[in-house]
Amino acid sequence: TSMEIWNPSFLQDMSIEIRFLILLGIFLFYHLFRIGVFHIIRPERLSNRNYGILNGIGYTFFLIATFVILASSGICALFDVETELIKTIIYYVLGLTYFVFLIRKTQIFVKSCPVFSSILYLCALEILPTGILVAAATL
């Protein structure tokens, strides 16, 4: 069964294969955009070690979120939970994981860079692009 976590109206009349390719393209563009911006506005005081940690931290949190979502979805499937509740659980797991991810990234930045530049960096690279994706998904 399809959860239809994000199903914008412009994709309604397209086949499932075309929808998949479009969504894959959107997320690939988002990822490449973040990588490009990360390289352009890299803070000068950021050491190579911390830069490497910040590059890889997203993958760590993605793996954690994926594991928790698969485990919770499997448990919900065992108890015949409604699809809407499973979607809500996925939203909350992703939101909580992303929140912890931002806190951890902020901690690394604050240790390496001034607080003001850390906040500007996180707003430009993390919060604004994610807000655009969420706004596009909910409107």
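Predicted model: local features only at pLDDT ≥ 70, side-chain atom pairs only at ≥ 80, totals over all residues.
Local features are reported at pLDDT of at least 70 and side-chain atom pairs only at pLDDT 80 or more, while totals for chains, interfaces and linings use all residues. Residues are numbered from 1 along each chain as its sequence is written, and side-chain values use heavy atoms, with hydrogens and water left out.

The chain has 4 helices and 0 strands, where helices (H or I, at least four residues) and strands (E, at least two) are DSSP runs numbered from the N terminus. Read from the N terminus, the order of elements is α-α-α-α. Of the 139 residues, 28% are buried; buried means under 20% relative accessible area, exposed over 50%, and partly exposed in between, with a 1.4 Å probe and protein chains only. The accessible surface, from the Shrake-Rupley method with a 1.4 Å probe, is about 9600 Å², and carbon and sulfur atoms hold 72% of it. Among contacts (heavy atoms within 4.5 Å) with a separation of 6 or more, 67% are between residues 24 or more positions apart.

A nonpolar core is a set of buried Ala, Val, Leu, Ile, Met, Phe, Trp, Tyr and Cys residues joined through side-chain atoms within 4.5 Å. The largest one has 13 residues, and those with the most contacts inside it are Phe38, Leu46, Leu54, Ile57, Phe101, Phe109 and Tyr121. At least two of its residues come from each of helix H2 (48-78), helix H3 (83-112) and helix H4 (115-138). Another core, apart from this one, has 5 residues, including Ile69, Cys76, Ile90 and Val93. In soluble globular proteins, nonpolar side chains tend to be buried together.

The partner of Lys87 is Glu84, with the closest N and O atoms 3.7 Å apart. Both residues lie in H3, 3 residues apart, about one turn of the helix.

The whole structure has 3 aromatic pairs. Rings of Phe, Tyr and Trp (its six-membered ring) pair if their centres lie within 6.5 Å; planes under 30 degrees apart count as stacked, over 60 as edge-to-face and the rest as tilted. Phe61 and Phe101 are edge-to-face, at 5.6 Å centre to centre and 70° between the planes. This pair links distant parts of the chain, with Phe61 in H2 and Phe101 in H3, 40 residues apart. Both Phe61 and Phe101 are buried. Tyr98 and Phe101 form a tilted pair, because their centres are 5.7 Å apart and their planes are at 35°. Phe101 has a relative accessible area of 6%, whereas Tyr98, at 24%, is partly exposed. Ring pairs join Phe61, Tyr98 and Phe101 into a cluster.

Asp80 sits in the loop between H2 and H3. Its phi is near 50°, a positive value in a residue other than glycine. Most residues other than glycine have a negative phi. Asp80 is exposed, at 69% relative accessibility.

How values were computed. Salt bridge = Lys/Arg side-chain N within 4 Å of Asp/Glu carboxyl O.
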